[in-house]
Amino acid sequence: MRKQTVIVTGASSGIGKAVANYFLDKGDNVVINSATADKLEKVYHELGAGDYLAFVAGDVSKKETGENLVKTAVEKFGSADVLVNSAGIFERKPFLEVEEAYLDRFLSINFKGTFFTSQAVIPQMIKQQGGVIINIGAPVVNQAFGNSPTTAPISSKGAIHALTKQLAAEFGTHNIRVNLVGPGFIRTPLQGDKVDNLAYIPLLKRIGEPEEVAQMIYALANNTYVTGALIDVDGGIGAGHYLN
C-alpha cells in the first residue's frame, strides 16, 4: 500500500493523538496539529519525532492554520492525502443558560475548524486527483438524551454531519471521499475522569477506547468505495441503550 500523508487536527490528546499514532504505526506520514503549541510539541516527541512526523500549532478556526497544515504536508512529504478533522470541544450547559459567546465557541472550533481546514486541503486533493476527509461527529446528533444538556456542542456537530454529506456530493467526481465517524462514550480527557459511570448505557456495557475510533478512521481512509457515510463507533448506542 502506498505511503499516505495524513493531517490530524486536535492531535495533542484523546482521539486525535490515537489517530496520529495509528497511522504512524501503519507506516504513513503524519502532520499533527493543536492550538496549544507546548502540548503539541510534547506529543510530537512522544510519537517519536521521526522523519515521518511534523507538527503545526494553530487555531483551526483560522483559515491560515489549515493553509499552513497543507503547505507543511506538501513541502515535507509531497502530498496531502487524508485529513482527519479531530479538533473539537464538548461541554454541558442547559439551553436556557447558553449565551452568544458560549455558542460561538462551539461553532468556531468545531464547525468552522472543520469547514476551513477542509477548504484548505481540497484544492490540493483536486490537484492530486484524489483524497479523503474524515470528520468527527456525534451519535447524539441523531439520538438525544434528555438529561444531558448539550444543545451548543450538538448543534455544531449537526452542522458537521450536514457538511460531510454536502462535501461528498460536491467533490465525488474529483475522487475526493468525505466521511464521518461519530464516537460515543470514549475514554478521553474530553469526557472527563467519570466517563466509566456511563458504562451502563451502551449495548456493549463498556466505554470505548480512542484506538477503536482510530481503527475505524483508518479503515475509512483506505476503503476507496465509501463516501458520504456517517458511521458511529459507540458500542451500539445508535441502535439502542440500557435504562438506568
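This report walks through the fold of a predicted model, from the overall build down to a few single residues.

## Ground rules

Because the model is predicted, local features need pLDDT of at least 70 and side-chain atom pairs count only at pLDDT 80 or more, while totals for chains, interfaces and linings use all residues. Numbering starts from 1 along each chain as its sequence is written, and side-chain values use heavy atoms, with hydrogens and water left out.

## The overall build

The protein has six helices and seven strands. These are DSSP runs numbered from the N terminus, with helices (H or I) of at least four residues and strands (E) of at least two. Read from the N terminus, the order is β-α-β-α-β-α-β-α-β-α-β-α-β.

How does the radius of gyration sit with that of a compact globule? For 244 residues, such a globule would come out near 18 Å, and the protein has 17 Å, so the two agree. (The radius is taken over C-alpha atoms, and the globule rule is 2.2 Å times the number of residues to the power 0.38.) The C-alpha trace spans about 50 × 35 × 35 Å along its principal axes.

Of the 244 residues, 48% are buried. Buried here means under 20% relative accessible area, exposed means over 50%, and partly exposed is in between (1.4 Å probe, protein chains only). As for contacts (heavy atoms within 4.5 Å), take those with a separation of 6 or more: 70% of them come from residues 24 or more positions apart.

## Strand E6 and its neighbours

E6 covers residues 176-183. Is E6 enclosed or open? Eight of its eight residues are buried, so the rest of the structure largely encloses this strand. In a regular strand, side chains alternate between the two faces of the sheet. In E6, Ile 176, Val 178, Leu 180 and Gly 182 point one way, Arg 177, Asn 179, Val 181 and Pro 183 point the other way, and all are buried.

E6 has two pairings to look at, where pairing takes at least two bridges found by DSSP. With E5 (residues 131-136), E6 pairs in the parallel sense over six bridges; Ile 134 has Asn 179 of E6 as its bridge partner. With E7 (residues 230-233), E6 also runs parallel, joined by four bridges, and Pro 183 stands opposite Val 233 there. The chain gets from E6 to E7 through H6, and this β-α-β crossover is left-handed. By contrast, E5, H5 (residues 151-171) and E6 make a right-handed β-α-β unit. Right-handed means that, with the strands pointing away from the viewer, the path from the first strand over the helix to the second runs clockwise.

## Helix H1

H1 holds twelve residues (14-25), and at 1.5 Å a residue it should span 16 Å; the end C-alpha atoms are 17 Å apart, which agrees. That expected span is 1.5 Å times one less than the number of residues. Buried residues of H1 include Ile 15, Val 19, Phe 23 and Leu 24. The helix's buried residues pack against E1, E2, E3, E4, E6 and H6. Just after the helix, Gly 27 takes a positive phi of about 95°.

## Two buried residues

Gln 4 sits in the segment before strand E1 and is buried, with a relative accessible area of 8%. Its side chain makes a polar contact of 3.4 Å with that of Asn 222. (A polar contact is a pair of N or O atoms within 3.5 Å; within protein, one must be able to donate a hydrogen and the other to accept it, and residues adjacent in sequence count only if both atoms are side-chain atoms.) Not counting residues up to four places away in sequence, Gln 4 touches residues including Phe 23, Asp 81 and Ala 221.

Ile 186 lies in the loop between E6 and H6 and counts as buried at 4% relative accessibility. Leaving out residues up to four places away in sequence, its contacts include Ile 15, Val 213 and Val 233. Ile 186 and Asp 234 are 48 residues apart in sequence, yet 8.0 Å apart in space, C-alpha to C-alpha.

Most residues other than glycine have a negative phi.
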